[in-house]
Amino acid sequence: MLTLLTASISDMTDTATQVIYARVPAAFKQEADAYAEVRGATLTRAVVELLQKGLAATEEESTVAELRARVNQLSAEKETLEARLVTAEAELGAVRSLAQRIRRPIGKCPACDSSISGYDLLGSGQCEKCQTDLSHLILPSPGAKSPLNQRELLILVGALGAVLGIAYLASK
Ligand SMILES: [Zn+2]
């Protein structure tokens, strides 16, 4: 059963009022009457208050939904950044390992017999002491005995390969 409920709505900034006619269930009318009675307000005042509360709650619901969506978006962005950080740390590890490896002695200079490092061989390309060109040591002539420690050379090439792999993937 529906009861006719009439309420004039006015807001704080605009004193003009509008009239809403609405058929509502009898129970709703009774509850609105009770709400008004408890507060010593008119039915109109009570209905206006209830409507305002209802509208505010609806607005809050959409605000909460927006905040939830934002939280989800931020969580997704955080996961992406964390994944990138893990990748960056792995890349940095490979670069550090190459930086350590390239300083190690890898053999003897064929000219002055002083120790040469991976950097002398692959970086500057010459003996730090006597400036002899070392590039021919990378590809020695067949049958010639290499002055390089083959095990150190292989490890150095492996560390270099890891960094080259990262650079290659980053360029794609
Ligand atoms: Zn030398």
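These questions and answers go through a predicted model of a protein and the terms used to describe it.

Q: What makes Cys109, Cys112, Cys127 and Cys130 donors of the zinc ion?
A: A donor is an N, O or S atom within 2.8 Å of the metal. The SG atoms of Cys109, Cys112, Cys127 and Cys130 lie 2.3 to 2.4 Å from the zinc ion, so they meet that cut-off. In sequence these donor residues follow the spacing C-x2-C-x14-C-x2-C.

Q: Why is the arrangement around the zinc ion called tetrahedral?
A: Four donors count as tetrahedral if all angles lie between 85 and 135 degrees. The 4 donor atoms here subtend angles of 108 to 112°, and therefore the arrangement is tetrahedral.

Q: Is Cys109 called buried or exposed, and why?
A: Buried means under 20% relative accessible area. Cys109 has 2%, so it is buried.

Q: How many disulfides does the protein have, and how do you know?
A: A disulfide is a covalent bond between the sulfur atoms of two cysteines. The rule asks for a pair of cysteine sulfur atoms within 2.5 Å, and by this rule the count is 0.

Q: Where does Ser114 lie, and which residues does it contact?
A: Ser114 is in the loop between strand 3 (105–108) and strand 4 (115–117). Apart from neighbours within four places in sequence, Ser114 is in contact with Gly107, Lys108, Cys109, Cys127 and Lys129. Two of these, Cys109 and Cys127, are also donors of the zinc ion. At 14% relative accessibility, Ser114 falls under the 20% limit and so counts as buried.

Q: What makes a group of residues a nonpolar core, and which members touch the most others in the largest one?
A: Such a core is a set of buried nonpolar residues, Leu and Ile among them, joined through side-chain atoms within 4.5 Å. The largest has 15 residues, of which Ile106, Ile116, Leu121, Leu134, Leu137 and Leu148 touch the most other members. Helix 2 (43–101) and helix 4 (150–171) are the elements that give two or more residues to this core. Helix 4 gives the most, with 4 residues.

Q: Which residues does Ile106 touch?
A: Not counting residues up to four places away in sequence, Ile106 touches Ile116, Leu121 and Leu148, among others. Its contacts also include Ser117, Gly118 and Pro147.

Q: Why is Ile20 called partly exposed, and where is its place?
A: Ile20 is in strand 2 (residues 18–25). Its relative accessibility is 38%, which is between 20% and 50%, so it counts as partly exposed. Ile20 and Leu51 are 31 residues apart in sequence, and their C-alpha atoms are 11 Å apart in space.

Methods
Residues are numbered from 1 along each chain as its sequence is written. This is a predicted model: local features need pLDDT of at least 70, side-chain atom pairs count only at pLDDT 80 or more; totals for chains, interfaces and linings use all residues. Side-chain values use heavy atoms; hydrogens and water are left out. Donors are N, O and S atoms within 2.8 Å of the metal (3.2 Å for Na, K and Ca); water is not among the atoms, so sites may look incomplete. Four donors count as tetrahedral if all angles lie between 85 and 135 degrees; four count as square planar and six as octahedral if opposite donors are over 155 degrees apart and all others between 65 and 115; anything else is irregular. Buried means under 20% relative accessible area, exposed over 50%, partly exposed in between (1.4 Å probe, protein chains only). Contact means heavy atoms within 4.5 Å.
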